[in-house]
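Please read the following note with the structure open beside you, and check each point against the residues that it names.

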Amino acid sequence: MNKPDKKIGQVVQTAGRLPAHEVVYRRLRDLILFGDLTPGQPVTIQGLTERLETGMTPVREAIRRLTAESALEFQGNRRVCVPLLNADNISELILARQWLDPHLALRATERATLEDLDFLTAIDSDHDNAIRKGDLKSYLELNYKFHKRLYKIADAPILADLADGLWLRFGPSLRVVCGRMGTQNLPDKHKEVLNAMHARDAEAAARAIREDVIQGMEQVRHALEIEAAQH
């Protein structure tokens, strides 16, 4: 085992006793989820090993898992890339998310404690700060964190896993589109969601999150349609 592997192992033992391969998987997943790996741009397994400062074995295992989740695809010659999406792909994702996210928001509203609502409000406050500062990375991470927390509160693990898996499919393209538009021009219906949840109006929360999802995804689809027309 090389030194980077040992270093990761030490971090794991102090931060939750996760195996090294799980730590590497989560780090690589985040690189994909938040668009640090550009869609369509091949990267070598060796390059990922150096970037993650670990050995080949956990990187290969992480790639295997993420390929099975359709978050990566093999390019041959020890290269992988994040799949490119087209407008039709986004249409499918919209169809899936406009049912999953509202249903999970509805369940979350029915089950949320005051502590849950305070936690969501804190995330939204940080999210607003990221928008004002034009901090794209924080914007993306906090946007995901808000939805992820809703999924957890909903207490529907099978549906939550499905919804979470969709983020791996559109997250990289969302980063590209958001980078072009800037955070000030991005939709944000989180306040409406929170107001509905505080009022215990589950239907209103579901409607607000549906609008949030559709507006964001439609912007991605529109950008991909323009890019396709230019080529």
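1. H147 has its place in helix α7, where helices are DSSP runs of H or I with at least four residues, strands are runs of E with at least two, and both are numbered from the N terminus. At 1% relative accessibility H147 counts as buried, a word that stands for under 20% relative accessible area, while exposed stands for over 50% and partly exposed for what lies in between (1.4 Å probe, protein chains only). Not counting residues up to four places away in sequence, H147 touches R97, D101, W167, H190, I209, D212 and V213, contact being defined as heavy atoms within 4.5 Å.

2. Before going further, please keep in mind that this is a predicted model, in which local features need pLDDT of at least 70 and side-chain atom pairs count only at pLDDT 80 or more, whereas totals for chains, interfaces and linings use all residues. Residues are numbered from 1 along each chain as its sequence is written, and side-chain values use heavy atoms, with hydrogens and water left out.

3. R97, which is one of the residues touched by H147, is found in helix α5 (residues 87-111). Is R97 buried or exposed? With a relative accessible area of 3%, R97 is buried. Leaving aside neighbours within four places in sequence, R97 is in contact with P102, H147, Y151, L166, W167, F170, V213 and M217.

4. The aromatic pairs come to a count of 3, by a rule under which rings of Phe, Tyr and Trp (its six-membered ring) pair if their centres lie within 6.5 Å, planes under 30 degrees apart being stacked, over 60 edge-to-face and the rest tilted. The rings of F34 and Y144 have centres 5.8 Å apart and planes at 75 degrees, so this pair is edge-to-face. It links distant parts of the chain, 110 residues apart, with F34 in the loop between α2 (20-33) and β1 (43-44) and Y144 in helix α7 (residues 136-154). Both F34 and Y144 are buried.

5. Y144 and W167 also make an edge-to-face pair, because their ring centres are 5.2 Å apart and their planes stand at 70 degrees. Y144 lies in helix α7 and W167 in helix α8 (residues 157-181), so the pair ties together parts that are 23 residues apart in sequence. W167 is buried, as is Y144, and one aromatic cluster is formed by F34, Y144, W167 and F170.

6. R65 lies over the face of Y25, at 3.6 Å from the ring centre, and the charged end of R149 sits over the ring of F119, 4.1 Å from its centre.

7. In helix α4, the buried residues are P58, V59, A62, I63 and L66. They cover an arc of only 140 degrees around the axis (taken from the directions from the helix axis to the C-beta atoms), which puts them on the same side of α4. On the other side of α4, T57 and A68 are exposed, and just after the helix S70 takes a positive phi of about 65 degrees.

8. Finally, 3 strands form an open sheet in the order β1-β3-β2, with antiparallel pairing, where two strands pair if DSSP finds at least two bridges between them. The edge strands are β1 and β2 (73-76), each of which pairs on one side only. Between β1 and strand β3 (residues 79-81), which run antiparallel, there are 2 bridges, and V43 has V80 in β3 as its bridge partner.

How values were computed: Lys NZ or Arg CZ within 6 Å of the ring centre and 35° of its normal.
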